[in-house]
Amino acid sequence: MKITQVLKAVTTAGALALMMSSAALAVTLNLGNGGEPGSLDPHKVSGDWENRIVSEYLEGLVTEDAQAKAVAGQAESWTISDDGLVYTFKIRGDAVWSDAVPVTAQNWVDAFQRLFDPKTASEYAYLQYPIKNSSKIAAGEITDFSQLGVKAVDDKTLEITLEAATPFFLDALTHYTAFPIRKDIIEKFGDQWTQPENIVGNGPYKIVEWVPGSYLRGVKSDSYYGKDTLKIDEIRWDNTEDLTAALNRYRAGELDILTDFPADQYKFLQDNYPGQAHVAPFLGIYYYVLNQEKPPLDNINIRKALSISVLRDVIGPDVLGTGELPAYGWVPPGTGNYEGTPYAPDWAEMPYDQRVEEAKKLMAEAGYSPEKPLKLQLRYNTNENHQRIAVAISDMWKQIGVEVELFNAETAVHYDALRAGDYNVGRAGWLLDYDDPSNTLDLLKTGTKGSDGTINWGNNYGRYSDAKFDELMTAASSELDLVKRAGQMHEAEKIAMDAFAAIPIYWYVSKNVVSPKVTGFEDNAKDIHRVRWMTKSE
Amino acid sequence: MFGYALRRVLTAIPIVLITITVCFFILRLAPGGPFDGERALPPDQLKNLRAYYHLDEPLIMQFFGYIGGVLRGDFGPSMVMKDFNVSRLIGIGLPFTLTLGFSAFIVGTIGGMIAGAVAAVNQNKWPDYLLVAIVLVGIIIPNFLMANLVQLFFGVYLKWLPVGGYQPGSLIHLVLPVFILALPHGGRVARLVRGSMIEVLGTNYVRTARSKGLGTRLILARHALKPALLPVVSYLGPGLSYLLTGSLVVEQVFSLPGIGKYFITAALNRDYGLVLGTTILYVFIILALNLLVDILYAWLDPKVRYR
């Protein structure tokens, strides 16, 4: 008893001392950020946990509002030429870097030149390939960077020229690959420029502390044009790789927002913290790729039997427990630039028993039955959820005469095997980089032939190939009429899905936990929530 | 003694060299590379990245390039923690891992010794049963589960201690992590001390001391403790290296800095430079600790010294 009292006194004193030492009543948002950020360089980052930090200290020409829609950022206005090729941006007069240097159009010219420079080796540079000559510069075919379609007309006017009209280009500009950089700072500090003592930004918050493996801290930037509207004074991004531990910290009030939570805790959260677990549709698709380059999955009937015998309705609510919606098509619901009726195959409406009968018949035609089963290897990357789904689906396939061998491997090995075509059925997923149907549909385009004659299949692991599909996608990529373009892509989606180019399983959901103290956190399909729109009450 | 130590240090050099060589080539033989993520990169981007990290050079050139770098104290870049090189990451994380590891070592060793001795003296009485039960729980329950339990109990329900996170200079944030790390170590020490203490207490010379009329405390302090510590000392080396290398779970659960997680995640990410850097570091730590234990052993046990 005595020891507990002493302990209690000591902890209370410690907590008090801590509270008093912190600045007077600054509002700090404690964010459970997930993974460990490896970089703050907008040309080197790739994870959403890095995006959450980079997009608070840097801001692009356009930025996201609370609903993650593109709105004016560092550019106050812009015009687009009639042919959709030339974008002219007017940069805000009061846009200033955190070291008081004015933001200029040249900052973007420098940034895009660095992004595409082969020496930078930026992983995500391809997101800005709509810009004229960008892919040729990245490939080393053009070495004169002045040929890039990004020009500074004057200090505050930037002109960007595209290869072809691109309806989602403004949305792509919200991405961190389109953020400005300070060439002088990078030249001065080299790869140390992102360290807190050197870093300079033009966004709402300024990075002041980085403890690798633990957390980062940002404070309100005094030079940000919208500083008076910011309600949060400080952000602390904690690495929370252990989701259960992060939830414990949230329950103790140490974290205000969690960007993920263990799916099996959803019910607990709903019961005990009503309204705080946010599960919302998220632009992404979880699917199985089918290796169509070799037997037996080159047979469309077997692919069909596999796809229609998957009872998708139980995956989200029962197998995962977070209610992911079943997917039958290839473009997530709610994706922009996609007017028209969503793809819905006839068999999706059929009762499941009937689907299984149909699948059995198709398998029998191909010479397989539960007595003489088809043996398939199903590969997935090691993860508890992937495993649950694989077990459930292999059970659904058992009844139609498919014997599944489950094979799991760590992520690098898994994708290496998919890329090499060394599998029958493989788990994959895709989160949209920009809000446009072409971002998922392009996954099914025929690979491009390289200079050495080999075909680069990119992310088309199943090696699905259809001339009509490719033709429609190519036509859509330069179609200016958005309705016509959407029609072309709907047609392409139907061709690929009717051919069972892959097995869509469910649409992703975003999983956040948000404290009732925080307002301004709006669920949206991109799962992007900028702190500048939030408030926190104590 | 000095010659013995010098000989041991010199034999460490080939061990380190062999480790680097084997590690380097095994890593490259493993399927998948640092750029095999969820998304396939366009070929030109992949080419640029491979050139950036010199992965397009012949393997043997890369190997000698790496050895050359290591000799100059440069462990190369990290391909995942892109804003840091390996030396810097280790420089930031190591002091923290050492602090955490040594704190847990001291707490666990002292706690374990006391628990073991008390249990031995009260053999087959209730304090013995109680301590043995606690020790077993500490060893058996995996630390990620134990960490969650103490987080819930002391952090969420009682609100005595922070659940996780790290504040530079704040000791209170280290209480739970040190406890979790120390628990299995302390448990093993307690079992060793208990076992050897019971054995020592049954020896003839202890019985002689007792028959002379010496008190239990005096017997323990003067005659039983030192010989009973021998098996413990031989465990302390491996025990400490386990604490220093096995901090992954504690680092992740409590969001703490440190190199324990790099040791594991770097291998999964195929972050070649970081895997080699942490491996070399750990080889050094383990070699140094084993050497220290052997010297300590020689000091404690005359039989080893005069062999």
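Predicted model: local features only at pLDDT ≥ 70, side-chain atom pairs only at ≥ 80, totals over all residues.
1. Chain A as a whole. Chain A contains 16 helices and 20 strands. Its C-alpha atoms fill a box of roughly 75 × 75 × 40 Å along the principal axes. A compact globule of 538 residues would have a radius of gyration near 24 Å, and the 25 Å of chain A agrees with this. Of the 538 residues, 47% are buried. Among contacts in chain A with a separation of 6 or more, 68% are between residues 24 or more positions apart.

2. Domains. Chain A is divided into domain 1 (29-226 + 515-536) and domain 2 (282-510). Taken over C-alpha atoms, the centres of these two domains of chain A are 33 Å apart. The contact between them takes twelve residues from domain 1 of chain A and 14 residues from domain 2 of chain A. On the domain 1 side, the residues that touch domain 2 of chain A are seven nonpolar, two polar and three charged.

3. Nonpolar cores. The largest nonpolar core has 187 residues, and those with the most contacts inside it are F112(A), Y287(A), I505(A) and V193(B). Helix α7 (residues 175-201) of chain B gives the most to this core, with 14 residues. The core also draws at least three residues from each of domain 1 (29-226 + 515-536) and domain 2 (282-510) of chain A. A second, separate core has 17 residues, including V86(B), L89(B), L274(B) and L281(B).

4. I505(A). What does I505(A) touch, leaving aside residues up to four places away in sequence? The list is Y286(A), Y287(A), Y288(A), V310(A), R312(A), I315(A) and A327(A). One of these, Y287(A), is named together with I505(A) among the residues with the most contacts inside the largest nonpolar core.

5. Helix α9 of chain A. This helix (residues 300-308) is mostly covered, with seven of its nine residues buried. The buried residues in α9(A) are I302(A), R303(A), K304(A), A305(A), L306(A), S307(A) and I308(A).

6. Ten strands of chain A form an open sheet with mixed pairing, in the order β8-β9-β10-β1-β11-β18-β12-β15-β13-β14. The edge strands are β8 and β14 (402-409) of chain A, each of which pairs on one side only.

7. Strands β8 (residues 205-211) and β9 (residues 215-220) of chain A run antiparallel and are joined by six bridges. They form a hairpin with three residues between them, and G213(A) in the turn has a positive phi of about 90°. W210(A) has L216(A) in β9(A) as its bridge partner. On the next step of the sheet, β9(A) and β10(A) pair in the antiparallel sense over five bridges. Here L216(A) has W237(A) in β10(A) as its bridge partner.

8. W237(A). This residue lies in strand β10 (residues 234-238) of chain A. Is W237(A) buried or exposed? W237(A) is buried, because 26 other C-beta atoms lie within 10 Å and the cut-off for a buried residue is 20 or more. Not counting residues up to four places away in sequence, W237(A) touches L31(A), N33(A), R52(A), I53(A), Y215(A) and L216(A). L31(A) is 206 residues apart from W237(A) along the chain, yet their C-alpha atoms are separated by 4.9 Å.

9. β1 and β11. Strand β1 (residues 28-32) of chain A runs parallel to strand β11 (residues 257-258) of chain A, and two bridges join them. The bridge partner of G32(A) in β11(A) is L258(A).

Methods. Residues numbered from 1 in each chain as written. Chains lettered and ligands numbered in written order. Helix = DSSP H or I, 4+ residues; strand = E, 2+ residues; numbered from the N terminus. Rg over C-alpha atoms; globule rule 2.2 N^0.38 Å. Buried ≥ 20, exposed ≤ 12 C-beta atoms within 10 Å, placed from the backbone. Contact = placed C-beta atoms within 7 Å. Core = buried A, V, L, I, M, F, W, Y, C linked by C-beta atoms within 7 Å. Domains from an automatic or database assignment. Pairing = 2+ DSSP bridges. Nonpolar A, V, L, I, M, F, W, Y, C, P; charged D, E, K, R; others polar.
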